[in-house]
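Thanks for asking me to look this one over.

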Amino acid sequence: MFLKAGFGFVLSTALLTHAAPGSSTPQFAADVLPILQKSCIGCHGPKTRMAGLDLHEVSLVLRGSANGPVVERGKSKDSLLVKRVQEGSMPPGGKNPLTSDEIAVIARWIDTGAAAPASDSAPAAAYVSTITEKDRQFWSFQTLKKTPIPKVQQSPLVKTPIDSFLLAKLEAKKLSYAKQASRTTLARRAYLDLIGLPPTPAEIDAFTADKSVNAFERLVDRLLASPSFGERWGRHWLDLAGYVDTVGRDVQSNGYKVGEGRWKYRDYVVRAYNSDKSFKSFLSEQIAGDEMFDWRNAKEYTPDQIEKLIATGFLRTAEDPTDNSERDTPLLRYEVIHQTLDILTSSTLGVTVGCARCHNHKFDPIPQRDYYSLMATLTPAYNPVDWTPVLKRTLADVPPAEREAIDKYNAELDKSIAPKKAELGKLYEKTISPMIEPAIAKLAPKDREPARKGALLPEEKRNARQAKLVAELGVDLSPASLLTRMSPEEKTTVQALESELAKLEKQRKSYAKIEALYDCGPPPETFVHRRGDHESKGATVAPGGLEVLSTAGEVLEKPTPSSSGRRLALADWLTREGTPAASLVARVYVNRVWGHLFGAGIVATGDNFGKMGSLPTHPELLDYLSGEFIRNGWSTKKLIRTMMLSRSYQQSSLAEDFPKNARLADPQAADPDNSLLWRMRLRRMESEVIRDCMLSVSGKLNPAIGGPAVPTITQADGMVIIDEKEITDPSERYRRSMYLVARRRYNLSMLGVFDHPVMSTNAKERGASAVVLQSLMMMNDKEVHTQSGYFADRVLSMANGQSTDDALIKSAFRLALGRLPDEKEAATLLGLLGRERERFREAKKSEADAFREALASVCHVLLNANEFLYVE
Amino acid sequence: MSRRKDLLSRREMLEMSGSGFGSLALAWMLNQERALAGSERPVSFDLTPKAPHAIPKAKAVIQLMQNGGPSQMDLVDPKPLLSKLNGKKHSEKLETLQEGSADNVLMGSPYKFEKRGQCGMDISELLPHTATIVDDITLIRSMYTEHNNHSEALIMLQTGKIFPGRPTTGSWISYALGTENQNLPAYVVLRDAEGYNTNGALVWDNGWLPALYRGTEFSTKGTPVLNLKPAVPAPKGSQDDQLDALAALNQRHRSRYPEDTSLDARIRNYELAARMQLAAGDVLDLKKESEETKKLYGLDNPVTANYGIRCLMARRLVEAGVRFVQVFPPVRPSIQPWDNHSNLTDELPKICSYTDLGGAALIKDLKQRGLLDETAVMWAGEFGRLPISQKGTGRDHNRFGFSLWMAGGGFKKGYIHGATDEIGYRAVENRVSVPELHATLFHVLGLDHKRVTYRHHGRDESLTDPPVTHAEVVPALLS
């Protein structure tokens, strides 16, 4: 059969090749393609695709150009392809023109149906897996291994099983741990790691005074219970989620759009960490919270259900530029899906799935098909052919029926409001017009209409340009001023209308918006994009996970009445205990938690657990911890606790604290990179922690949790600061950094210089650069200077007028760095204090002011100290 | 992490030096020694000078950004047939972005072109000053790009792709080559002090490259660099005293962690900050420029001074050893001043009069100081404009064909590359893609664009992404 068919094909091709033009049916590959190759494919081929047109395959010829189809099957006369070559406008410039015979061949091919070659139109061959047993044997793709806890010689150093695993490797190299860190260092380390704020001197004293054996355990438990814990650890997760407050393209310095309900997802994450929600539920809700109940038909939502809808904000963080119709193109829609896939896979699986977007992964067993199978779990929600614009992609905290009822009710209300508003507007206009017209006449013609419009609006409704123009008019348009210019009758009418309107406004009902992800309709067809090009359609795929982590033929779909259930199945696939996928998810998460506490992961490449990533330094430990994590109900707090209560976490970070002992090797020679953890790692703090610590030390930190973001503004000089005009309360400016509006770029300059991530997709890791802009910021910035002053005030008020200069220096030092200065340090700062006091006296400051400024100068130096930026 | 492999061997270098070449080669050799002394995979990133892969023609780049999409057929790409067909309906439906071009009516240029210079390059009457430097430039009339919206096309011009988030050309070059003057940033951005152009700071973003490769904004007003000077003035001697105390604290901390080099870098940064206060102030100080030079850049005329001062500063920065300088056009009347959708005959002459002089002055000034040969200057917008009229008075965006020019640093002089079709819609002859332009720019800097890579998320990323774009150097552009 096969032979026969093959023979037939060869025969017919041979016949056609020799056939004279004008006879029989032309074939694409043999007859048409060579003509196109000669004259057209240079510009309209796979490489350049001018006007989006690629003529090298039948399916692509039929798809046409960016401007529409070029071939009408059966109608060569109506086909642009033929028209263009006939009129000679193609190829342009008369290069390689087609002969009339050649044009005739193309025309006949079209008239006879523009058929594809047999191989092109044949149904896709059955998919043959390329995943081998060897692929599945790669360490990170296997289920968790249970290894017995190793026996070690230095058993007194073992506080938790972690120590057994670490010491076993250390002992093999004749190494051990460094000394236990001092109580002061340990307190500062625990505070910064768990809540991202430094301990006060009183808190350090309390810990130092606690002589019980479990003093550190109690400290850790107390910090884990602090509401600030969720902020610190929620921020780590928000990095992976790629959280931003803005919607649409966020590229201009100012004029960014803040999503109405975005912050609710941020607060959800904080709550989840504070309540120690199991990571399994946490992840599942974020991927498929909307599919866990029938949100479309529910009578009302329980708080837990609202929480589940908010959780899906996790998949709403990709930059969606389709808020602008010019950008609502298939290419950019797909880009939103690609980025969402990147966020989803990099945060959970730690493999570079994105490589399979264009081709089978070069190093890892991830066929291109897997990528599009994963995409198929998202397309019912992000439907590329029936796109929901980003601003409409919201749910309410009430069910759709109620939302509709409220909208209808409010629309009715608006009907009674509108005429009253119009009447009021007319009265104001009558008063305002004569006041402003003379000034308006003096403006440039193009400014007149906007100025007029702005003047008629209440002050708070004017945009920036209108506000500026109205200010230029120099007319007092305050309500009080307007009322004085009205006749008594007008005044009465205005006041009556205002009060009626206020009453009506009070009757308005409302609901809050949630920026959720939800299936928008039935699943569209999802197909492989050849070479990553969505216009080059390959085989259709079913929703699925990575094949190497799946059982044969596993399809991720659990339809419910209101949704495809694909994401729900995906969440289950990622977290079902005992599977390779859940094992990888647990490993990747545990490794990240370890990295946050120890300065580097057990797998150094936290975002790459594939073949090109690093191998774990302690694979047995990673599997042990991941297994324990799952057995403990995926509890993050328990995981952190286990790590921090190990002796390894509590050791000193100083090389000099490694025991000097003849039986032990020199650690700098045996393990210069400290990959085996013979001492704790020195870590530079993240951008937010640096700023939060500064505010905490100065006593100004506003500890409020959650809510809408604090707005920022980019000044003309490029400095991003808090937008004082837009904040409701002055103390807002001292909120924790995670509550400042999170943008893709243009984040607060203070944060930006300290490696605050540019959130193009998500932030898989933070940098810890040492660049000169950091020094300039800490030394010269106005805000740091101001905070140094508050810091000095705090030192002075704590001393209550009683202390010596020496005691003040010590107090400031402890506030900033947790410890007391040594003699040399104290002398250095005391010297500075004295000289600065002289200088400020000479600058004609009063005695008290000169002293305050001098102390502020010392405090400023402390905030600049390297030690302030590091967790030891 | 990083790959800076395949450097020329020292021996190859010395062999070449026997055949005699200039100071750039010598500097290259010295840097080469430095690069070889270091490790192949740096554990930390810095801005010390790095050796390129080959002997460079240029050691610095100045990008004159012309945001908005300069109208090629009214400036540098004359289309007589288009003028002849003025007012006629065009048969092919052209790709448009906005409303107002549905009539598809061709619009000839209202401006006269004349052959200028010894090379006889046709330049519009709107650019009388550019007309005086044509013998020093390579004019590319056959550029094309991939998106006809400003934001995407600008990102493309800077990063090689239309999506935000990748490193810009200046970041890549700073990463690959470091910089000569350690007291100044490697990559300096000069924008209008009044505000940002389209995409703001995105067009000098480091993407996922380390933050030190981001462009640093230098202001032509006030302090040149953010926080360069104390925001709150302190008595004389105060800050020095603070820095001394700080150095003492930091030295003590440092001595406890002898193996951590980033602590050293941090200590050095405070010293560098002090040096930068002087160096940056120096660069900004135009007192040392002669009246003649100031006049050359049009600083004596409010119309030309806004952009002219940035062109002059660009020269000073390059002279001081800065690797990459990006100059932006005025933000008035519009933040994308070349975007002439309507009133072209009012708006286009305006932006030409603001910028024509400064750009030409820069070329002349670099030339007379002997700097042009080692500085690659690029004049470019993000795309071109359409041959059909928009609402009768303007032109919409065009991604299929646009013009830009390159000068100095190994580019041909008085040369026109490529052509658009007879109405100026499509580049048809010797077409140049944006990645090809990037590859060629890297080439004159001695860099092989295929080898300047950075490992990101499991892939060796590069500016030109050759596995996908197949970009190659365009040898025809090079002298």
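This is a predicted model: local features need pLDDT of at least 70, side-chain atom pairs count only at pLDDT 80 or more; totals for chains, interfaces and linings use all residues.

1. Strand β2 (residues 60-65) of chain B and strand β9 of chain B run parallel to each other, and six bridges join them. Within this pairing, I62(B) sits opposite V377(B) of β9(B).

2. β9(B) also pairs with strand β12 (residues 402-407) of chain B, here in the antiparallel sense and over three bridges. V377(B) turns up again in this pairing: its bridge partner in β12(B) is A407(B).

3. How many of the residues of β9(B) are buried? The strand covers residues 375-380, and six of its six residues are buried.

4. Moving to chain A, have a look at helices α18 (residues 400-441) and α19 (residues 445-456), whose axes come within 10 Å and cross at roughly 145 degrees. The crossing of α18(A) and α19(A) is right-handed. On the α18(A) side the contact is made by Y428(A), E429(A), I432(A), I436(A) and I440(A), and α19(A) supplies R448(A), A451(A), R452(A), A455(A) and L456(A). Sorted by class, this contact has seven nonpolar and three charged residues, with no polar ones.

5. Helix α24 (residues 580-598) of chain A deserves a moment too. Its 19 residues reach 26 Å from the first C-alpha to the last, close to the 27 Å expected at 1.5 Å a residue. α24(A) is mostly covered, with 16 of its 19 residues buried.

6. Finally, the two chains together: 66 residues of chain B are in contact with 68 residues of chain A. Which elements give two or more residues to the chain B side? They are α7 (238-256) and α8 (261-284) of chain B. α7(B) gives the most, with eleven residues. By class, the side of chain B that touches chain A divides into 29 nonpolar, 21 polar and 16 charged residues.

Technical notes. Residues are numbered from 1 along each chain as its sequence is written. Chains are lettered from A and ligands numbered from 1 in the order in which they are written. Two residues are in contact if their C-beta atoms, placed from the backbone, lie within 7 Å. Helices (H or I, at least four residues) and strands (E, at least two) are DSSP runs, numbered from the N terminus. Ala, Val, Leu, Ile, Met, Phe, Trp, Tyr, Cys and Pro count as nonpolar, Asp, Glu, Lys and Arg as charged, and the others, Gly among them, as polar. Axes are lines fitted to C-alpha atoms, for helices over the stretch in contact, and angles run from 0 to 180 degrees between N-to-C directions. A crossing is left-handed if the near helix is turned anticlockwise from the far one by less than a right angle, and right-handed if clockwise. The expected span of a helix is 1.5 Å times one less than its number of residues. A residue is buried if 20 or more other C-beta atoms lie within 10 Å of its own, exposed if 12 or fewer, and partly exposed in between; C-beta atoms are placed from the backbone. Two strands pair if DSSP finds at least two bridges between them.
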